[in-house]
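The sequence and the structure come before the text.

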Amino acid sequence: MPPTVFTPVLGALGLGIAWRRGAEVFPVPTAMGDMILGAITLLYLFCVAAYALKFMRRPGVLSEDLRVLPGRAGLSAMVLSVYLVAAALAPFAPGAALAVLGTGLALHVGLVTLVLRALVRGPAEQRRVSPVWHLQFVGFIVAALPALDLGFGGFASALLYATGATAVAVWGASLVQFWREDVPAPLRPLLAIHVAPACLLGSVALALDKPGLAWACLLIAALLAGVMLLRLPWLLRARFSPLWGAFSFPLAALAGLTIALAAVGQSEAVRMAAGLILVAATLAIPPILVAILRAWARGGLGARTNAARV
């Protein structure tokens, strides 16, 4: 069971959250987002059960999956998905959502501990700055989404500033590294992850009544997304690969931020942009998810991503 499967699943959960928010701005059924979240949550639980079975048969696979970049990205996405499941549950079952949020935080702390140990003990090339660091070290900001729904504004505010500083550090280190050396074509889709922190920080800032910070985050996200859109042929030079799952969550997060800003503002331009991004995310994320799931079902995904074998 290759952990890369979890990357587009995280994006699909983010798409469900965006559609739930979209009901506040667009004339779409409120249940649309809940239906997407329900279906993808079931898929997520199936994937978790599959990986749990793999882990129980040989616990060492966890450390082995953390040694390779696709494995670290997938396991990080698996943990971050717990936060979005908590956000999906929050309006209907606050008690269950709180339990899921606590579980996600515990798993995330454990994952970061294992990642840091692998970085320290592993070869020097593993310590190179990667966009996946956002998922591991900045990803705690995703926990702020259900925390806000559950009334933990102080905790969400602390996450905003702590992860914001971490995101700036990762962006800066990545820019220096990118300036010095080129990114191999197969790894270029991972660069899309850089967009996600700005979007999530902006969404949390807006919910905490900090519109100026939210707009600044949107500007950063738009600049990053614009550069990547202009360099799209360069990003996709290696053609389709399982790492295309990295496009899914940033796209969903960008849709979520623009929808949130459209809901509180009166700008028709922002509303149109939010609609276009939501449509783009809806058209892009499901095919990526299906393609990666199909590769898993056919048995070739594990070998292509160097996933640990039982």
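The model is predicted, and side-chain atom pairs count only at pLDDT 80 or more.

**Core**

The largest nonpolar core holds 107 residues, and F6, L84, I141, V142 and L278 are the members that touch the most others. Helix α4, residues 69-89, gives the most to this core, with 14 residues. Leaving aside residues up to four places away in sequence, V142 touches L80, Y83, L84, L200 and F249.

The largest pocket contains about 970 Å³ of space. Its lining counts 39 residues, of which P131, F178, V183, L191 and H194 are the closest to the centre. Helices α4, α8 (153-180), α10 (211-230) and α11 (232-235) each supply at least two lining residues. Helix α8 has the largest share, with five residues. By class, this lining divides into 23 nonpolar, eight polar and eight charged residues.

The volume of the second largest pocket is about 520 Å³. Of its 21 lining residues, A225, M228, L229, F247 and L251 are the closest to the centre. Two or more lining residues come from each of α10, α11, α12 (248-264) and α13 (268-298). Here the largest share, six residues, belongs to α10. The lining of the second largest pocket has 19 nonpolar and two polar residues, with no charged residues.

**Salt bridges**

The count of salt bridges comes to six.

| Pair | N to O distance | Relative accessible area |
|---|---|---|
| D34 and R20 | 2.9 Å | D34 26%, R20 18% |
| E64 and R58 | 2.8 Å | E64 27%, R58 27% |
| R128 and E181 | 2.4 Å | R128 36%, E181 37% |

Buried means under 20% relative accessible area. R20, at 18%, is therefore buried, whereas D34, at 26%, is partly exposed.

Both E64 and R58 count as partly exposed.

The salt bridge between R128 and E181 links distant parts of the chain, 53 residues apart. R128 sits in the loop between α5 (94-121) and α6 (132-138), and E181 in the loop between α8 and α9 (195-207). R128 is partly exposed, and E181 is partly exposed as well.

Technical notes. Residues are numbered from 1 along each chain as its sequence is written. This is a predicted model: local features need pLDDT of at least 70, side-chain atom pairs count only at pLDDT 80 or more; totals for chains, interfaces and linings use all residues. Side-chain values use heavy atoms; hydrogens and water are left out. A nonpolar core is a set of buried Ala, Val, Leu, Ile, Met, Phe, Trp, Tyr and Cys residues joined through side-chain atoms within 4.5 Å. Buried means under 20% relative accessible area, exposed over 50%, partly exposed in between (1.4 Å probe, protein chains only). Helices (H or I, at least four residues) and strands (E, at least two) are DSSP runs, numbered from the N terminus. Contact means heavy atoms within 4.5 Å. On a 1 Å grid over the protein atoms alone, a cavity is a set of points where a 1.4 Å probe fits but cannot get out, and a pocket is an open set with protein on both sides within 12 Å along at least five of seven lines; lining residues have an atom within 4 Å of a point. Grid points are joined across faces, edges and corners, and a volume is the space filled by probe spheres set on the points. Ala, Val, Leu, Ile, Met, Phe, Trp, Tyr, Cys and Pro count as nonpolar, Asp, Glu, Lys and Arg as charged, and the others, Gly among them, as polar. A salt bridge is a side-chain nitrogen of Lys or Arg within 4 Å of a carboxyl oxygen of Asp or Glu.
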